[in-house]
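Welcome, and thanks for taking a look at this one with me.

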Amino acid sequence: MKWLLNALSSSVGKKFLMAITGLLLCGFLVAHLAGNLLLPAGGDLFNDYAKKLHENEGLLMVAETGLFGIFILHLYLAFSLTWGNNAARGKGYAATKSKRDDTMSKTRPDKWMIGSGIILLLYLCLHLFDFKFHRFGMDQELTALAGDSEAVTTKVAIHVLKSPLTMIGYAAGFVFLFAHLSHGVSSAFQSLGLSHPKYNSLIKYGGLAFASLISLGFFVVLFWAISQ
Amino acid sequence: MSGQGMELKLQIWRQANAEDKGRFHIYHLSDVSPHMSFLEMLDVLNEQLITLGEEPVAFDHDCREGICGMCSLMINGQAHGPDKETTTCQLHMRRFSDGDTIVIEPWRAKAFPVIRDLVVDRGSFDRIMSKGGFVSVNTGNPADANTILVPKQDADRAMDAAACIGCGACVAACKNASALLFVSAKVSQLSLLPQGKPEKAQRVLNMVAQMDEEGFGSCTNTSECEAACPAGISVSNIARLNRDYMCAMLCSEEGM
Ligand code: FES
């Protein structure tokens with residue numbers, strides 16, 4: 001299998017892996033959002049879902065490990081490619097100006113994917129700290145609410161999301177998630193060679209729509225929790 | 001024309017040789033005719049510098065009609081200046097106004113080292129080409145034009161890719177100094193045609209390997225290359241290269 005490793009370690013090969021891991025992470029986002037939208041759906045829906053999720057700890061462990069692996073690979077590729085790209089320029093220009101027609105070329109998200117990615121990584125740390133590690137017992141009330149259960153309950157979710165720091169952090173996280181996905185999704189298709197005049201605008205606007213819907217969905221959950 | 005020309009402030013990168021650190025020099029040029037091409041404007045500057053006993057500014061050029069790909073200037077931060085699908089030699093001074101400051105820099109990339117002033121060494125492109133940018137089957141005497149039938153659409157697409165003049169504007173404009181637009185055009189122009197198909201897999205693998213070896217960056221799909229390309233090469237060629245690379249990697253016997 002050395003041939004595969006060789007081919008995948010080229011710049012084009014790394015971009016394949018970047019695209020595949022990125023799209024897999026998008027799949028995770030869809031599943032995660034679907035679960036979270038059970039919160040505003042009301043009733044015991046969310047609690048039941050969380051309990052079911054944790055009923056089979058073995059399976060959950062496998063899924064979490066897989067997700068972690070995909071995430072680490074995505075992260076490693078991002079840093080390794082960025083490092084190579086910065087080195088490839090060497091001395092920079094005194095002036096740069098885009099020749100693309102679209103406005104806001106300087107602020108377009110495709111120019112700072114590594115930036116939005118790093119912010120998302122920080123957001124993810126906050127998020128895991130909040131829900132997976134229950135703030136390491138720093139928040140007495142939360143620790144009491146969470147109890148022994150691994151599953152996040154509606155009460156825990158509301159408690160966490162209502163704290164001011166979390167509110168700001170999460171809202172910022174969702175904005176940067178939108179920025180990252182607005183380029184990432186369509187870019188992944190191009191990296192995989194999936195480009196065709198009949199489908200290109202679907203890929204471009206579909207990617208934007210996907211980014212908007214995911215970000216909006218998480219905002220809905222956040223606002224719902226704040227209003228509780 | 002005298003008295004009607006433009007006054008320009010030129011901020012030009014001067015570097016004695018590859019080892020020199022280099023710096024910007026400011027030159028004031030007056031009475032610049034709007035009908036001049038950009039390179040003619042530099043010719044006028046150089047005449048004045050020679051008269052003053054100074055070193056003229058070195059810059060690359062050859063055909064001066066947009067076909068050879070030798071001219072290569074970063075003008076006010078844009079590869080080949082402000083016009084779309086135009087080389088520096090075809091750019092006219094009427095695109096600028098009286099009193100303008102024009103910043104002129106060489107292409108910047110590790111794989112394009114500056115040799116002198118605005119001249120860079122684009123030998124890395126030649127080395128990429130030498131790894132497969134050709135068809136190596138012996139074709140013998142010219143065959144009848146219709147012996148090998150090529151669908152019109154494929155011929156057109158191959159022709160569009162073959163419009164690449166290898167100037168390096170794609171590398172210069174890309175924030176990652178990636179050469180993927182160039183490589184993809186060179187791969188596409190052959191892989192689309194029956195004559196190029198037999199070596200399709202090894203061509204794409206070898207040319208990409210050489211591209212990495214030369215120290216070009218990777219493509220992050222920002223499409224700056226397409227916007228800067230004087231030959232109008234489309235990023236759809238990059239998608240085709242990605243497909244070809246994937247097929248070569250997974251389905252061919254190359255690279256084993
Ligand atoms: S000098 Fe030949 S393309 Fe400009």
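**Notes for a first look**

1. Let's begin in chain B, where B:Asp31 sits in strand E2, residues 23-32. Please keep in mind throughout that this is a predicted model. B:Asp31 has a positive phi of about 60 degrees, although it is not a glycine. Most residues other than glycine have a negative phi, so this one deserves a moment of your time. With a relative accessibility of 40%, B:Asp31 counts as partly exposed.

2. B:Glu85 is another residue to check for its backbone. Its phi is positive too, at about 45 degrees, and B:Glu85 is not a glycine. You will find B:Glu85 in the loop of chain B that runs between strand E4 (78-79) and strand E5 (101-105). Its relative accessibility is 53%, so B:Glu85 counts as exposed.

3. Leaving aside neighbours within four places in sequence, B:Leu118 is in contact with several residues, among them B:Ile12, B:Trp13, B:Val57, B:Phe59, B:Leu73, B:Ile104 and B:Pro106. B:Cys71 is 47 residues away from B:Leu118 in sequence, yet their C-alpha atoms are 9.7 Å apart in space.

4. Now over to chain A and a pair of helices. The axes of H6 (residues 113-131) and H9 (residues 164-191) come within 9 Å and cross at roughly 140 degrees. H6(A) and H9(A) are therefore oblique to each other, and their crossing is left-handed. On the H6(A) side, the residues that meet H9(A) include A:Met113, A:Leu120, A:Tyr123 and A:Phe131. On the H9(A) side, they include A:Thr166, A:Tyr170, A:Phe174 and A:His180. By class, this contact has ten nonpolar, nine polar and one charged residues.

5. Finally, have a look at where the two chains come together. Here 53 residues of chain B are in contact with 36 residues of chain A. The area buried between the chains is about 3,600 Å², and carbon and sulfur atoms give 53% of that area. Which residues of chain B lose the most area to chain A? They are B:Arg108, B:Asn221 and B:Met249, which together make up 17% of what the chain B side buries.

Conventions:
Residues numbered from 1 in each chain as written. Chains lettered and ligands numbered in written order. Predicted model: local features only at pLDDT ≥ 70, side-chain atom pairs only at ≥ 80, totals over all residues. Heavy atoms only, no water. Axes fitted to C-alpha atoms, helices over the stretch in contact; angles between N-to-C directions. Helix = DSSP H or I, 4+ residues; strand = E, 2+ residues; numbered from the N terminus. Parallel < 35°, antiparallel > 145°, perpendicular 65-115°, else oblique. Left-handed = near helix turned anticlockwise from the far one by under 90°. Contact = heavy atoms within 4.5 Å. Nonpolar A, V, L, I, M, F, W, Y, C, P; charged D, E, K, R; others polar. Buried < 20%, exposed > 50% of the residue type's maximum accessible area, 1.4 Å probe, protein only. Buried area = accessible area lost by both parts, 1.4 Å probe.
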